[in-house]
Amino acid sequence: MLSRAAASLYWLGRYVERADFIARLVEATLRLDVLSPRPAGEAAWRSALAVTDTLDAFEATGAALTREEVARFLIGDPSHPGSILRCLAQARDNARAVRTALSREAWAAINGAWLVFDRRMSRLDPDATLAVVDAVKNETRGFEGAVHRMLRNQTTQFIRLGQSVERTDDTARLLDVKYHILLPEGEIVGGIVDRDQWTTILQTVSAVTAYRWLYSEGLRPANVIDLLLTRAELPRSVAASAEETVTALNALAKSSGTQGEADRMARNRYARVVKTRTGDVIAAGLHQHLQTVIEENAQLHLAIGRQFKFG
Amino acid sequence: MGIQAFDEIMGPASGDGARPELRALCHWLDDTPADELRRRQEAAETTFRQLGITFAVYGESDASERIIPFDIVPRVFLADEWARLSEGLVQRVEAINAFLVDIYGERRILKEGVLPEDLILGNAQFRPEIAGIRPPHDVWAHICGIDLVRTGPDSFFVLEDNARTPSGVSYMLENREAMVRLCPELFAKFRVAAVDSYPDMLLETMKSVSPRGCGQAPTCVVLTPGHYNSAYYEHSFLADSMGIELVEAADLIVDDDVVYMRTIAGRVKVDVIYRRVDDDFLDPLVFRADSMLGVPGLIAAYAAGNVAILNAPGNGIADDKAIYSYMPEIVRFYSGGEAKLPNVETYRCREPQALKYVLEHLDQLVVKLVDGSGGYGMLVGPTASKAEIERFRAALVATPERYIAQPTLALSTVPTLVEQGVSPRHVDFRPFVLTGSKGVKVVPGGLTRVALREGSLVVNSSQGGGTKDSFVLMDGGGMTQTMPGMSQSMGF
């Protein structure tokens, strides 16, 4: 496979995953904002920005920190590189560059996701926002399905590699958000708003029901952290993503005969993730731990580029 | 309007009713409500949009991606019409090849005074860098698109030869795909020659000119300028349907006169390149030192005989508009016979007599830039405004050698679905001709372009043109024997 094509497929995987993540984040935040007995308001939207590391970028636009403005920024701001719109445009751009490697179905899904924005960006009340978010999730799911039905060759392996690397980053950032968010004055840890925030995190990774299955006690922060960090059963956990990175790299090693630094880093990381004990992490500092996960993941990303001569 | 045109389905303007062989198509048009036609047409266009079959219009930033409008009413060639047309096409393409071999070799045609020397040697499309190089198997114009217009049942004229990187073949294939899906009943009425083997034919052509000896499987690639190019869809479509890599210049590297592509597992040798980039951007060491684009050393590898390039660099000299007017002489010189497909009468404005005539008849002529394409830099006299005509007059006087002029032809029409219903619109036609080491083949089909605006003669997609499927009927005539209700007197 051409190195350029490999790079495009890898980035295609990353951008689709990121678009999907931001769509889920907006959806969860919207629910938190609208549905909780006490509207979480500004704090909820501030946290959504914190997760994506875009508080500064948002403030630079001069817009007020309201639901509508933040939703517009995260979903459809053409000047914000991290908006869903831009992620999908990038995904489509990469997909076009490797048009031949994708099945028609996979291409149609990416193109469809991008076309969503052609039609619906005019007004963003909660209903319309949810509709766009749903449409995006539908199309990314369609893409996921189409990739599953493609030949299990290097093409899909690079897409999966990109997805798993992106997912590790997203989930670590999502957990880290609790570090950024101070509870509003008068609220106590374990109070309604605190619970809502943890629920939002679970919703973002579609894990509300999974949580109930795996933990018999009620909602406990330590358990949410445990689930998202160490439980490989949950597809979006750091553990599952780290495992998938190893799997994708193994498959690529087999099919391309190329193996190296990235494989070693991914395997070592996975070995550490499996041994992680949530209690120890919390005792030593969750934020510190998550920052390390994000940094290691960035190093792995660079190693992948070197190994496959992305240039 | 006002031009009395031959309609390819309904026959001559003076006639009464459809051409007998095509009555079935007429009945189909009568029996299918316009709404239903429109629904199918929209379904086809939706598919094209979903697949991303788009083209970019240069100079328009907002609408950077559009689909070319598709018309649901096919144009049809009868088997015997097609047979005659094919003969003419083969003769023409053989002459183009012989001309290129000669011009970059012995130059007999210049020595014998058939063409003025400065016309070739002073032409920007002539590439002295290429002279002396012999491409594998002496094939230069592997893939040709010959643009034709029609004015009567047996009157076809060549409007333009495209021997560089003709595009449009993906529309031929996708349009057919759409027609089979949306109008299957037409394929029951007519025996239409299949076009879907085109990718196999093209790959066969590529392999046949590989510089490697037989027995070894050559590595073939399609070279694209990249996914911002207006024809990118076609490039990827062709690479995909041939099952070969689609590369950009940056993916290729030349080492010791051998071309390699960069892959995740290292370098892989490349033997045959179907390039869809212009000569100027092939090799910065040879053609344009100011260009960062291209593959440094590619032409050296080509000259060393280590790689085949389709179409050959330097081909522009064969399809240049200034050369076009000499094509009848060129065909005669190499084939020994008269051109079976005539040219459109052409005034070379470089010649004072011709220029004088053109300036006096600007309102009746079509004036074209010799080095223009896509319908840009073109004057259609009968429909042009006074200001436009005056602008061209000034340009003609200033640089006459840059222009040719042709009479405005009554281009044939084909019924076309427009807002008011089905109505005749002018068409042209681009068949595709492949030349490998084993000879010349005409693909039974092609790209029909249609001017959607009433009375318009400009079919270019960048100027509001659309496309149609082009049926080539197989021997046995227009209809299958099972057509109910057809006249017995037609002999089936």
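This is a predicted model: local features need pLDDT of at least 70, side-chain atom pairs count only at pLDDT 80 or more; totals for chains, interfaces and linings use all residues.
Residues are numbered from 1 along each chain as its sequence is written, and chains are lettered from A and ligands numbered from 1 in the order in which they are written.

Chain A has 15 helices and zero strands; here helices (H or I, at least four residues) and strands (E, at least two) are DSSP runs, numbered from the N terminus. Its radius of gyration is 19 Å, close to the 19 Å that the globule rule gives for 311 residues, so chain A is as compact as a globular protein of that length. The radius is taken over C-alpha atoms, and the rule is 2.2 Å times the number of residues to the power 0.38. Along the principal axes, the C-alpha atoms of chain A fill a box of roughly 60 × 50 × 35 Å. Of the 311 residues in chain A, 49% count as buried. A residue is buried if 20 or more other C-beta atoms lie within 10 Å of its own, exposed if 12 or fewer, and partly exposed in between, with C-beta atoms placed from the backbone. Among the contacts in chain A with a separation of 6 or more, 69% are between residues 24 or more positions apart. Two residues are in contact if their C-beta atoms, placed from the backbone, lie within 7 Å.

Chain B has both kinds of element, with 15 helices and 20 strands. A compact globule of 492 residues would have a radius of gyration near 23 Å, and the 23 Å of chain B agrees with this. The box filled by the C-alpha atoms of chain B is roughly 70 × 60 × 50 Å along the principal axes. Buried residues make up 44% of the 492 residues in chain B.

Next comes the contact between the chains. On the chain A side 19 residues are in contact with 19 residues of chain B. The elements that give two or more residues to this side of chain A are α1 (3-35), α5 (84-97) and α6 (104-120). The largest share, five residues, comes from α6(A). By class, this side of chain A has seven nonpolar, seven polar and five charged residues. Ala, Val, Leu, Ile, Met, Phe, Trp, Tyr, Cys and Pro count as nonpolar, Asp, Glu, Lys and Arg as charged, and the others, Gly among them, as polar.

The largest nonpolar core has 224 residues, and those with the most contacts inside it are A:Ala6, A:Ala19, A:Val26, A:Ile84, B:Phe99 and B:Ile273. α1(A) gives the most to this core, with 18 residues. Such a core is a set of buried Ala, Val, Leu, Ile, Met, Phe, Trp, Tyr and Cys residues joined through C-beta atoms within 7 Å. Leaving aside its neighbours within four places in sequence, A:Ala6 is in contact with A:Met1, A:Phe158, A:Phe308, A:Phe310 and B:Ile264.

The open sheet has four strands in the order β5-β4-β9-β10 (chain B), with parallel pairing. Two strands pair if DSSP finds at least two bridges between them. The edge strands, β5 (245-247) and β10 (308-310) of chain B, each pair on one side only. The twist averages 25 degrees from one strand to the next. Helix α9 (residues 232-242) of chain B packs on the sheet, touching β4 and β5 of chain B, and its direction makes about 150 degrees with that of β5(B). Axes are lines fitted to C-alpha atoms, for helices over the stretch in contact, and angles run from 0 to 180 degrees between N-to-C directions.

Four bridges join β4 (residues 220-223) to β9 (residues 272-275) of chain B, and B:Leu223 has B:Arg275 as its bridge partner. β9(B) pairs with β10(B) over three bridges, with B:Tyr274 opposite B:Leu310. Both faces of β9(B) are covered: B:Val272 and B:Tyr274 on one side are buried, as are B:Ile273 and B:Arg275 on the other.

Another group of strands in chain B pairs in the antiparallel sense. Strand β6 (residues 252-255) of chain B and β7(B) pair over four bridges, and B:Leu252 stands opposite B:Met261. In their hairpin, which has two residues between the strands, B:Asp256 takes a positive phi near 55 degrees. Four bridges also join β7(B) to β8 (residues 266-269) of chain B, and this hairpin too runs through two residues. The bridge partner of B:Tyr260 in β8(B) is B:Lys269.
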